[in-house]
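Good morning, and thank you for the time on today's agenda.

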Amino acid sequence: MLVLRPTCEHCRRPLPPASTDAMICSYECTFCRHCVADVLGNVCPNCGGGFVPRPVRPATEWRPGVSLAHQPASPEVVHKPVEAARQAALRARVGDTPPERR
């Protein structure tokens with residue numbers, strides 16, 4: 001099941017379950033839209049992949065047993081600030097390649 005992390009891994013901006021600013025890579029690394037665009041250049045610093053908007057888990061139980069009440073967001077904060085020089089080198093290597101071809 002998708003882990004809904006509570007904050008951006010770089011800047012620690014709050015990203016509650018209903019946030020439309022949360023972005024994830026295929027490994028569920030979680031960053032805010034600002035960091036993805038302005039710091040990371042749509043290159044995940046952990047895997048080199050691209051980002052997509054994180055889905056919003058329904059707060060309302062529309063179907064029995066399926067909602068935030070039954071599958072809550074993770075309370076675990078992952079904070080791994082990105083090193084500018086290291087990210088620049090990674091972006092130089094893969095940044096011009098579309099995410100679907102990385």
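**The largest pocket and the fold around it**

Helix α2, residues 84–94, contributes the most to the lining of the largest pocket, with 3 residues. Please keep in mind throughout that this is a predicted model.

How much space lies in the largest pocket? The computed value is about 200 Å³. Its lining is made up of Phe-31, Pro-45, Asn-46, Lys-80, Pro-81, Val-82, Glu-83, Arg-86, Gln-87 and Leu-90. Sorted by class, the lining has 5 nonpolar, 2 polar and 3 charged residues.

Taken along the principal axes, the C-alpha atoms fill a box of roughly 45 × 25 × 20 Å.

I turn next to the sheet. In general terms, the strands of a sheet pair through backbone hydrogen bonds, either parallel or antiparallel. Which order do the strands take here? The 3 strands form an open sheet in the order β2-β1-β3, with antiparallel pairing. Strands β2 (30–32) and β3 (52–53) each have a single partner strand and stand at the edges, so one side of each is left without a neighbour in the sheet.

Strand β1, residues 22–24, pairs with β2 in the antiparallel sense over 3 bridges. Within this pairing, Ala-22 stands opposite Cys-32 in β2. Helix α1, residues 33–40, packs on the sheet and touches β1, β2 and β3. The direction of helix α1 makes about 85 degrees with that of β2.

One further item concerns the aromatic rings. The count comes to 1 aromatic pair. Why is the pair of Phe-31 and Phe-51 classed as edge-to-face? The ring centres of Phe-31 and Phe-51 are 5.6 Å apart and the planes stand at 85 degrees, so the pair is edge-to-face; the cut-off for that class is over 60 degrees. Phe-31 lies in strand β2, while Phe-51 lies in the loop between α1 and β3, so the pair ties together parts that are 20 residues apart in sequence.

Thank you for your attention.

Technical notes. Residues are numbered from 1 along each chain as its sequence is written. This is a predicted model: local features need pLDDT of at least 70, side-chain atom pairs count only at pLDDT 80 or more; totals for chains, interfaces and linings use all residues. Side-chain values use heavy atoms; hydrogens and water are left out. On a 1 Å grid over the protein atoms alone, a cavity is a set of points where a 1.4 Å probe fits but cannot get out, and a pocket is an open set with protein on both sides within 12 Å along at least five of seven lines; lining residues have an atom within 4 Å of a point. Grid points are joined across faces, edges and corners, and a volume is the space filled by probe spheres set on the points. Helices (H or I, at least four residues) and strands (E, at least two) are DSSP runs, numbered from the N terminus. Ala, Val, Leu, Ile, Met, Phe, Trp, Tyr, Cys and Pro count as nonpolar, Asp, Glu, Lys and Arg as charged, and the others, Gly among them, as polar. Two strands pair if DSSP finds at least two bridges between them. Contact means heavy atoms within 4.5 Å. Axes are lines fitted to C-alpha atoms, for helices over the stretch in contact, and angles run from 0 to 180 degrees between N-to-C directions. Rings of Phe, Tyr and Trp (its six-membered ring) pair if their centres lie within 6.5 Å; planes under 30 degrees apart count as stacked, over 60 as edge-to-face and the rest as tilted.
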